[in-house]
Amino acid sequence: MKLLLTLLTVVLMSGCSSISSMRDTVAMEGETTQVYNLNDDDRDGVIEAREKCSGTVTGANINNYGCGTVKPIKERSELKVLFPNDSYYIDPMYYSQIQTIADVMKQYPHTKVTIEGHCSRTGSYEHNLELSQNRANAVTEVLNREFGIEQSRLSAVGYSFDRPVDLSGTKEAQRRNRRVIAEVTGEDTMADMKWTIYTVDEVVK
């Protein structure tokens, strides 16, 4: 008997609770208005309601308001230009390599470039000093003549074999030490890009 009364009490209480819940339910009439813009139009991970710098460069480091951080320009790169033996002639087939430097300088008009010429330890120091200087000069001449970079933004320096990158003395070392380096610097700034697991070096064509 007690068990029956207990079950009846539970059923009655559940029913009252359900009726009470139904009375508390408010019917929605019409559409709700979204107060804040939750879209991310420039896909930088910051919603438009917080965005203060729209149009951020894709892949740039940003702060909590979607503004990209910048860094001073100081880029060093090796130009894949092969000179004939004991020569500073540049075959036009390598002009595309030099154009990459010209494109950066045109994008950032307050930059300058220093072209470094380096040689392997073959022959006298004085001969290699002259050769490395002439090769660096040849690159700056192409930048000026072919790509319209002002002479005032160009400088060249030859290092003979003072700055080798490989001291093993092998033929491969000699090849690696014969190189031309371009260092672009300037008052301009460029976007500070995020490093991701997908970041790779560009393939030289």
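**Isoleucine 90 and its surroundings**

Student: Which residues is isoleucine 90 in contact with, leaving aside its neighbours within four places in sequence?

Tutor: In this predicted model, isoleucine 90 touches Val81, Phe83, Tyr95, Ile98, Ala138, Val139 and Val142, once its neighbours within four places in sequence are set aside.

Student: And which residues have the most contacts inside the largest nonpolar core?

Tutor: Those are Ile90, Ile98, Val113 and Leu143, in a core that has 25 residues. The elements giving two or more residues to this core are strand 1, helix 2 (95-107), strand 2 (111-118), helix 3 (125-145) and strand 4 (179-191).

Student: What do nonpolar side chains tend to do in soluble globular proteins?

Tutor: They tend to be buried together in such proteins.

Student: OK, what about leucine 38, is that one buried or exposed?

Tutor: Leucine 38 counts as exposed, because its relative accessibility is 54% and the exposed class begins over 50%. Leucine 38 lies in the loop between helix 1 (2-24) and strand 1 (70-79), and together with Val35 and Tyr36 it makes a nonpolar surface patch of about 370 Å².

Student: Switching topic, what pattern does the chain follow along the sequence?

Tutor: Read along the sequence, the pattern is α-β-α-β-α-β-α-β, and the secondary structure comes to 4 helices and 4 strands.

Student: What's the average pLDDT of the chain?

Tutor: The average is 77, and 61% of the residues score at least 70. Over residues 194-205, however, the pLDDT is below 50, and this stretch has 7 contacts in the model beyond near neighbours in sequence. Where pLDDT is low, the predicted coordinates should not be read in detail.

How values were computed
Residues numbered from 1 in each chain as written. Predicted model: local features only at pLDDT ≥ 70, side-chain atom pairs only at ≥ 80, totals over all residues. Heavy atoms only, no water. Patch = residues over 30% accessible without salt bridge, like charges linked within 9 Å, V, L, I, M, F, W, Y side chains within 5 Å. Areas by Shrake-Rupley, 256 points an atom, 1.4 Å probe, with all protein chains shown as cover. Salt bridge = Lys/Arg side-chain N within 4 Å of Asp/Glu carboxyl O. Buried < 20%, exposed > 50% of the residue type's maximum accessible area, 1.4 Å probe, protein only. pLDDT = per-residue confidence, 0-100. Contact = heavy atoms within 4.5 Å. Core = buried A, V, L, I, M, F, W, Y, C linked by side-chain atoms within 4.5 Å.
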